[in-house]
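Subject: Handing over the structure

Hello,

Here is the structure I wanted to pass on to you. Please have a look at it first, and then read on for my notes.

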Amino acid sequence: MTNENYLKCRTCRFCIHSQDIWVCSLKSIPTDSSSSCERYRPGSCENCNSLRMSAGNALCTLTGEETYILSVCSNYDPSGKRSV
């Protein structure tokens, strides 16, 4: 069974809100809690809080290794049990 919140702005860390006003911080445009983000890529490094950019290179702070920003994190678990 699919979670009704899957791909919705209300579960996206890039969607910010104040009461009923929702904004996609990636595009700086108004949205709503049930809309979907076209840039949503589950497990991609660019969406990871542990990714740091330094001199144009992407660095994973969990492993200390350079990575490609669009790679999928090896620690990603869609069930959320081991997500980073």
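**What turned up**

L59 stands opposite E66, which belongs to β6. Strands here are DSSP runs (E, at least two residues; helices are H or I, at least four), numbered from the N terminus, and two strands pair if DSSP finds at least two bridges between them. Before going further: this is a predicted model, where local features need pLDDT of at least 70 and side-chain atom pairs count only at pLDDT 80 or more, while totals for chains, interfaces and linings use all residues. Residues are numbered from 1 along each chain as its sequence is written, and side-chain values use heavy atoms, with hydrogens and water left out.

**The strands**

The protein has 6 strands and 0 helices, so to speak a plain β-β-β-β-β-β run from the N terminus on. Three of these strands form an open sheet in the order β4-β5-β6, with antiparallel pairing. Its edges are β4 (51-54) and β6 (66-67), each of which pairs on one side only. The link between β5 (residues 57-60) and β6 is antiparallel and rests on 2 bridges. As you know, strands of a sheet pair through backbone hydrogen bonds, either parallel or antiparallel.

**The cysteines and the core**

Which residues make up the largest nonpolar core? The answer is a set of 5 residues: C9, C12, F14, C15 and W22. A nonpolar core means buried Ala, Val, Leu, Ile, Met, Phe, Trp, Tyr and Cys residues joined through side-chain atoms within 4.5 Å. Buried is under 20% relative accessible area, exposed is over 50%, and partly exposed is in between (1.4 Å probe, protein chains only).

C9 counts as buried because its relative accessible area is 3%. Leaving aside neighbours within four places in sequence, C9 is in contact (heavy atoms within 4.5 Å) with C15, W22, T31, D32, S33 and S35. C24 sits in strand β2 and is buried too, at 8% relative accessibility. With residues up to four places away left out, C24 touches F14, C15, I29 and T31. Its C-alpha lies 9.2 Å from that of R13, which is 11 residues away in sequence. C45 is another buried cysteine, with a relative accessible area of 8%.

How many disulfides does a search of the whole structure find? It finds 0, a disulfide being a pair of cysteine sulfur atoms within 2.5 Å.

**The loop between β3 and β4**

D32 lies in it and is partly exposed, because its relative accessibility is 41%. Beyond its neighbours within four places in sequence, D32 is in contact with C9 and W22. A polar atom of the D32 side chain lies 2.9 Å from the backbone nitrogen of S34. The C-alpha atoms of D32 and K8 are 9.0 Å apart, although 24 residues separate them along the chain.

S35 is found in the loop between β3 (29-31) and β4 as well. Is S35 buried or exposed? It is buried, because its relative accessible area is 18%. Its side chain makes a polar contact with the side chain of T31, at 2.3 Å. A polar contact is a pair of N or O atoms within 3.5 Å; within protein, one must be able to donate a hydrogen and the other to accept it, and residues adjacent in sequence count only if both atoms are side-chain atoms. Apart from neighbours within four places in sequence, S35 is in contact with L7, K8 and C9.

S50 has its place in this loop too, and at 13% relative accessibility it counts as buried.

**The protein overall**

Of the 84 residues, 23% count as buried. The accessible surface comes to about 6200 Å², with 50% of it belonging to carbon and sulfur atoms; areas come from the Shrake-Rupley method with a 1.4 Å probe, and for residues only the protein chains shown count as cover. Among contacts with a separation of 6 or more, 34% are between residues 24 or more positions apart.

Best wishes
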